[in-house]
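Please keep the coordinates at hand while you follow the text.

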Amino acid sequence: MSTGMGIGVAYGIWAASGIALTAVLARLMWRDPLPSTTTAGIIIVATGVLLIELGAH
């Protein structure tokens, strides 16, 4: 793993995108509620993953 993305960063991206995608798909497919706090949480997690990725290099 001398080149490319670190395993911790890759896992963070994988986990965060899975959670966000599940919440959005549940909203679209089954009309589950997606309150503003959940939406804010998804945005915060995505921003955090982006900051970790930018800081990893």
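How many helices and how many strands does the protein have? The model, which is a predicted one, has two helices and zero strands. Helix 1 covers residues 7-30 and helix 2 covers residues 36-55, and the description below is built around this pair.

The overall dimensions come next. Taken along the principal axes, the box filled by the C-alpha atoms of the protein is roughly 45 × 20 × 10 Å. The radius of gyration is 14 Å, whereas a compact globule of 57 residues would have a value near 10 Å. Of the 57 residues in the protein, 11% are buried, where buried stands for a relative accessible area under 20%.

Because angles over 145 degrees count as roughly antiparallel, helix 1 and helix 2 are described as roughly antiparallel to each other. The crossing in which helix 1 passes helix 2 is left-handed.

Which residues of helix 1 meet helix 2? On the side of helix 1, the contact is formed by V9, G12, I13, A16, A20 and A23, and on the side of helix 2 by I42, V45, V49, I52 and E53.

A46 lies in helix 2 and is partly exposed, its relative accessible area being 46%. Between A46 and G12, which are 34 residues apart in sequence, the C-alpha to C-alpha distance is 9.6 Å. A40 also has its place in helix 2, and with a relative accessible area of 35% A40 is likewise partly exposed. The C-alpha atoms of A40 and M5 are separated by 27 Å, these two residues being 35 residues apart along the chain.

The last stop is the loop that lies between helix 1 and helix 2, where R31 is found. Is R31 buried or exposed? With a relative accessible area of 70%, R31 is exposed, since the term applies to values over 50%. The backbone of R31 also deserves a look, as its phi is near 55 degrees, which is a positive value in a residue other than glycine.

Key. Residues are numbered from 1 along each chain as its sequence is written. This is a predicted model: local features need pLDDT of at least 70, side-chain atom pairs count only at pLDDT 80 or more; totals for chains, interfaces and linings use all residues. Side-chain values use heavy atoms; hydrogens and water are left out. Axes are lines fitted to C-alpha atoms, for helices over the stretch in contact, and angles run from 0 to 180 degrees between N-to-C directions. Helices (H or I, at least four residues) and strands (E, at least two) are DSSP runs, numbered from the N terminus. Angles under 35 degrees count as roughly parallel, over 145 as roughly antiparallel, 65 to 115 as roughly perpendicular and the rest as oblique. A crossing is left-handed if the near helix is turned anticlockwise from the far one by less than a right angle, and right-handed if clockwise. Contact means heavy atoms within 4.5 Å. Buried means under 20% relative accessible area, exposed over 50%, partly exposed in between (1.4 Å probe, protein chains only). The radius of gyration is taken over C-alpha atoms; the globule rule is 2.2 Å times the number of residues to the power 0.38.
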